[in-house]
Amino acid sequence: MYIGDLNSHLNLFSGAGPASKTAIFAFPEISNMPQAPKDFSSVSPSAKSLLMMKGYTSIPYAKQTAALMQGAEIFDLSFDDKDFWFWIRVMHFESRYWSIDQLLEQTDNRNILELSSGYSLRGLDLCVKDQSLHYIDTDLPDVVALKQSMISQLQLDKAVKGRFELLPLNALDTTSFNDVINRFDNGPLTIVNEGLLMYLNMEEKKQLCKAIHSTLKQRGGCWITADIYVKRSAEMTASLPQSESEAAFFEQHNIEENKFASYEAAQAFFKEQGFEMIKEAVPNYQQLSVMPHLLKVLPEAVRSSKEPPPKIQATWMLKAL
Ligand SMILES: C[S@@+](CC[C@H](N)C(=O)[O-])C[C@H]1O[C@@H](n2cnc3c(N)ncnc32)[C@H](O)[C@@H]1O
């Protein structure tokens, strides 16, 4: 039971006779007690679903690693009858992946830290291509262990020329976060992430911003995050098919609630945390490897529409002020 639950439980007793006195006196002590760290491991199955979708794209190593994944995935995706909605999702995640690379190419920092990388091997790929990089790739311990075993099984690390490290890290554990940062040589740092902020509530987002801000102020560099998601309109939510298991996962993790109210609200939030948005990635849908698949199943109404797909997400480069 979390302390929050305990507090609301005790609230039920306030003003209810002698027992309530104990509860009221206990209240301040309880709220001063250190909170048990939140367990984020329930988020990790989403990384598996993402990898299984990315297995249909040209994202580096995604096909090979997806082939090693065993067991069912949590969103009940339609892998048998890959329909329009299936390919639309793959398109979204492929586009999000390249959007980070697009902004990374516009920096020349040799130190890169990726948070909550899931089964993505962007860091390994970059270190195969560039011996001057030090890339630290991180996620929660179970994900890192499975990812390491996939890398070893496929012997992917043999081609690495740069310095590639794969380490367990809860991004909200500030002490461990700083320990990881201290592994880099001096010099500016780029921090990247995709698919994390929508699992963090406002306080957790602020906590992460604080750790990143103080690091970037000290060392220089930037933060590239693909997690600028805005809440969906009721109309959009109604039109998007979602399996029961996916809907339950979204609800369990308050995903819709954790998104930003608008892009302006996101900008204001980051400004309050001491960041300035200096670049936004520009999606290039025509270059996506998923496009030929998507075009085959495109409904006529979408095919003849002149409108670009609705913008549900943005990838930003942020600087600490
Ligand atoms: C939706 S997946 C995204 C994975 C990957 N970035 C991608 O786009 O394919 C979310 C990831 O966040 C990780 N995660 C959740 N909470 C975390 C935390 N507090 N610290 C570090 N990683 C976390 C999960 O283990 C999972 O791998």
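Ile112 stands opposite Tyr135 in strand 2. This is a predicted model, in which local features need pLDDT of at least 70, side-chain atom pairs count only at pLDDT 80 or more, and totals for chains, interfaces and linings use all residues. Residues are numbered from 1 along each chain as its sequence is written.

Strand 1 (residues 111-115) and strand 2 (residues 134-139) run parallel and share four bridges. Two strands pair if DSSP finds at least two bridges between them. Helices (H or I, at least four residues) and strands (E, at least two) are DSSP runs, numbered from the N terminus. The protein has 15 helices and seven strands.

Now widen the view. Seven strands make an open sheet with mixed pairing, in the order 3-2-1-4-5-7-6. Strand 3 (163-168) and strand 6 (275-280) stand at the edges. Each has a single partner strand, so one side of each is left without a neighbour in the sheet. Neighbouring strands of this sheet are turned by 25 degrees against each other on average, direction ignored. Axes are lines fitted to C-alpha atoms, for helices over the stretch in contact, and angles run from 0 to 180 degrees between N-to-C directions. Strands of a sheet pair through backbone hydrogen bonds, either parallel or antiparallel.

Strand 4 is worth a stop. Five bridges join strand 4 to strand 1, and the two run parallel. Here Leu113 stands opposite Ile191 in strand 4. Strand 4 also pairs with strand 5 in the parallel sense, again over five bridges. In that pairing Thr190 stands opposite Cys222 in strand 5. How many of the residues of strand 4 are buried? Five of its five are, and strand 4 is mostly covered. A residue is buried if 20 or more other C-beta atoms lie within 10 Å of its own, exposed if 12 or fewer, and partly exposed in between; C-beta atoms are placed from the backbone. Leu189, Ile191 and Asn193 point one way from strand 4, while Thr190 and Val192 point the other way. Of the 321 residues of the protein, 33% count as buried.

Helix 9 (residues 202-219) touches strand 4 (189-193), strand 5 (221-229), strand 6 and strand 7 (313-320). The direction of helix 9 makes about 150 degrees with that of strand 5. Helix 13 (residues 263-272) lies across strand 5, strand 6 and strand 7. Helix 13 runs at about 135 degrees to strand 6.

Other helices pack on each other. Helix 3 (residues 45-54) and helix 5 (residues 84-104) meet at an angle of about 95 degrees, with their axes 9 Å apart. The two are therefore roughly perpendicular to each other, a label for angles of 65 to 115 degrees (under 35 is roughly parallel, over 145 roughly antiparallel, the rest oblique). Helix 3 brings Leu50, Met53 and Lys54 to the contact, and helix 5 brings Arg89, Val90, Phe93, Glu94 and Tyr97. Two residues are in contact if their C-beta atoms, placed from the backbone, lie within 7 Å. These contact residues divide into five nonpolar, no polar and three charged. Ala, Val, Leu, Ile, Met, Phe, Trp, Tyr, Cys and Pro count as nonpolar, Asp, Glu, Lys and Arg as charged, and the others, Gly among them, as polar.

Helix 3 also takes part in the shell around the ligand. It gives three residues, the largest share of that shell. Of the 22 residues around the ligand, Phe40, Ala47, Ser116, Gly118 and Gly195 come nearest. A residue is near a molecule or strand if its C-beta atom, placed from the backbone, lies within 6 Å of it. The shell divides into 12 nonpolar, eight polar and two charged residues.

Val128 lies in helix 6 (residues 122-129). It is buried, with 20 other C-beta atoms within 10 Å. Leaving aside neighbours within four places in sequence, Val128 is in contact with Ala159, Val160 and Lys161.

Most residues other than glycine have a negative phi, and most peptide bonds are trans. Tyr61 has a positive phi, near 65 degrees. Tyr61 sits in the loop between helix 3 and helix 4 (62-68), and counts as buried. Asn254 has a positive phi too, near 50 degrees. Asn254 follows helix 11 and is partly exposed, with 13 other C-beta atoms within 10 Å. Of the nine residues of helix 11 (residues 244-252), the number buried is zero, so helix 11 lies largely in the open.
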